[in-house]
Amino acid sequence: MGVKYYLIDSSILPEVYSKVIKAKNLLLSQEAKSVSEAVRMAEISRSAYYKYKDSIFEYNAQGEETASIHARLEDNAGVLSSVVGELYQFGANILSVNQSEPVNSVANVSITVRLPEKEGISDEIIKKLSSLNGVKSANII
C-alpha cells in the first residue's frame, strides 16, 4: 500500500501538529537558532518534533506555486539524477528531496519543487517523469 496524503482542517487535529509546524517555521525564519530553541518556543518536546517533522507540512492556499512530487524509482545509478535533470528542464526550483531506502530495488522519493507559472505544467512534468527509464511511477500530491 502506497503513501496517502490528506488535506485536513487543522482545527480538528491534536495541538501537537500545529506546534510542530510552529517549530519548523521558527527554524526556517531563523527566529530560533536550534531545534532545542524552536521546540522550547513552540512548547513541545524534542521527541514530538522529531516524531512528526518529516510527516507534517503546512499547506499554503495563497497561490504559492509549490508542488510535492512522489515517485517510485528503480535502484539504479542515474535515475534520480535524470528526474532532477527533467525538473530543471521545466524550470522547476527544487526545494527538498527525500528518498527512502530501496525495498525490492525500488525507492520512494518525495521532491518538493517551486514551479514556474504555466498552465498545465504539472501534467506535463508527470507525463515526462513517468516516461523516464527507471521511473516506476510519478504523481503530484
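Visitor: How many helices and strands does the secondary structure of the protein come to?

Guide: Keep in mind that this is a predicted model. Reading from the N terminus, the elements go α-α-α-β-α-β-β-α-β. Tally those up and the secondary structure is five helices and four strands.

Visitor: What share of the residues in the protein is buried?

Guide: The C-alpha atoms sit in a box of roughly 45 × 35 × 30 Å along the principal axes. The accessible surface is about 9,600 Å², with 48% of that belonging to carbon and sulfur atoms. Out of 141 residues, the buried share is 28%.

Visitor: Which residues touch the most other members of the largest nonpolar core?

Guide: In soluble globular proteins, nonpolar side chains tend to be buried together. Here the largest nonpolar core has 19 residues. β1 (66-74), α4, β3 (106-114), α5 (121-131) and β4 each give two or more residues to this core. The ones touching the most other members are Ile69, Val83, Leu87, Val113 and Leu129.

Visitor: How many residues are in the second, separate core?

Guide: This one includes Ile21, Ala32, Val35 and Tyr49.

Visitor: Which residues is isoleucine 69 in contact with, leaving aside neighbours within four places in sequence?

Guide: Isoleucine 69 belongs to the largest nonpolar core. Setting aside neighbours within four places, its contacts are Leu87, Val109, Ser110, Ile111, Val113, Ile125, Ile126, Leu129, Asn139 and Ile140.

Visitor: How far apart in space are isoleucine 141 and isoleucine 69, C-alpha to C-alpha?

Guide: Isoleucine 141 is in the segment after β4 (135-140). Beyond its neighbours within four places, isoleucine 141 contacts Tyr5, Ser68 and His70. Isoleucine 141 and isoleucine 69 are 72 residues apart in sequence, yet their C-alpha separation is 6.1 Å.

Visitor: Is isoleucine 141 buried, partly exposed or exposed?

Guide: Buried would need under 20% relative accessible area, and exposed over 50%. Isoleucine 141 comes in at 42%, so it counts as partly exposed.

Visitor: And glutamine 89, is that buried or exposed?

Guide: Glutamine 89 is in helix α4 (residues 79-89). The relative accessibility of glutamine 89 is 59%, so the residue counts as exposed.

Visitor: How far apart do the centres of the positive and negative side chains lie?

Guide: There are 15 positive and 17 negative side chains in the protein. The centres of the two sets are separated by 5 Å.

Note on methods
Residues are numbered from 1 along each chain as its sequence is written. This is a predicted model: local features need pLDDT of at least 70, side-chain atom pairs count only at pLDDT 80 or more; totals for chains, interfaces and linings use all residues. Side-chain values use heavy atoms; hydrogens and water are left out. Buried means under 20% relative accessible area, exposed over 50%, partly exposed in between (1.4 Å probe, protein chains only). Accessible areas come from the Shrake-Rupley method with a 1.4 Å probe; for residues, only the protein chains shown count as cover. Lys and Arg count as positive and Asp and Glu as negative; His and the chain ends are not counted. The place of a charge is taken as NZ of Lys, CZ of Arg, CG of Asp or CD of Glu. Contact means heavy atoms within 4.5 Å. A nonpolar core is a set of buried Ala, Val, Leu, Ile, Met, Phe, Trp, Tyr and Cys residues joined through side-chain atoms within 4.5 Å.
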